[in-house]
Amino acid sequence: HAGPGVTVLGAQVTANKKPVQVLSVLGPSSMGDCEVVLEESLPMGKAELRVSFRGTVERGALHGLYHCAYPSSSGGEGAVLMTHFEPTFARRAFPCVDWDTVRPQWRVELQVPAVPTVLSNMPVLSTRKG
């Protein structure tokens, strides 16, 4: 699924660590459905789907990935990005499978300037400069 403001740019698929040819990526439809069309059926075993996308930060909403302003100690205004991903708001931030009965493991990679602090409720897998 991909919600409003999310554009799917492409996809890569591997099955049992071997690349699978992606013929096309369709969607999102008006219902938010996306489809990755493959040259062949996936074999039994482990598969990985990597999706390239462009998303937006919500303003004036308290779901998905949204902007939140707060009064700073200097008297001005500070800003943070917040998330609210339940029950199906994750798809407003990035393409995902977010049904209650199917929860795949996923990782998010953030590219941010060196100055901000990034907090998460999950362990950091890695960091790098550049």
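This note goes through the fold, the strand pairing, the cysteines and the surface of a predicted model.

1. Basis. The model is predicted, so local features need pLDDT of at least 70 and side-chain atom pairs count only at pLDDT 80 or more, while totals for chains, interfaces and linings use all residues. Residues are numbered from 1 along each chain as its sequence is written, and side-chain values use heavy atoms, with hydrogens and water left out.

2. Overall make-up. The chain has 7 strands and 0 helices, and its pattern along the sequence is β-β-β-β-β-β-β. Helices (H or I, at least four residues) and strands (E, at least two) are DSSP runs, numbered from the N terminus. Taken along the principal axes, the C-alpha atoms fill a box of roughly 60 × 35 × 25 Å. Of the 130 residues in the chain, 18% are buried. Buried stands for under 20% relative accessible area, exposed for over 50%, and partly exposed for values in between (1.4 Å probe, protein chains only).

3. The open sheet. An open sheet is formed by 3 strands in the order β2-β1-β5, with antiparallel pairing. Its edge strands, each pairing on one side only, are β2 (18-20) and β5 (47-54). The twist from one strand to the next averages 30°; for this angle, axes are lines fitted to C-alpha atoms, and angles run from 0 to 180 degrees between N-to-C directions. Two strands count as paired if DSSP finds at least two bridges between them. Strand β1 (residues 7-15) and β5 run antiparallel and are joined by 8 bridges. Valine 8 has phenylalanine 53 in β5 as its bridge partner.

4. The β6-β7 hairpin. Strand β6 (residues 64-71) is joined to β7 by 8 bridges, again in antiparallel fashion. Histidine 67 has leucine 81 in β7 as its bridge partner. The hairpin has 5 residues between the strands, and glycine 75 takes a positive phi near 95° there. Glycine 78 belongs to strand β7 and counts as buried because its relative accessibility is 10%. Cysteine 68 itself is partly exposed because its relative accessible area is 29%.

5. Cysteines. With a disulfide taken as a pair of cysteine sulfur atoms within 2.5 Å, the count comes to 0 disulfides. Cysteine 34 is in none, and the nearest cysteine sulfur, that of cysteine 96, is 9.3 Å away. Cysteine 34 is partly exposed, with a relative accessible area of 31%.

6. After β7. Glutamate 86 lies in the segment after β7 and counts as exposed because its relative accessibility is 56%. Its C-alpha atom is 8.5 Å from that of glycine 64, which is 22 residues away along the chain. Valine 108 is also in the segment after β7 (77-84); at 47% relative accessibility, valine 108 counts as partly exposed.

7. Nonpolar surface patch. Trp106, Val108, Leu110, Val112 and Val118 form a nonpolar patch on the surface, and their accessible area together is about 490 Å². Patch members have over 30% relative accessible area and no salt bridge; nonpolar side chains (Val, Leu, Ile, Met, Phe, Trp, Tyr) are joined within 5 Å, and like charges within 9 Å. A salt bridge is a side-chain nitrogen of Lys or Arg within 4 Å of a carboxyl oxygen of Asp or Glu. Areas come from the Shrake-Rupley method with a 1.4 Å probe, and for residues only the protein chains shown count as cover.
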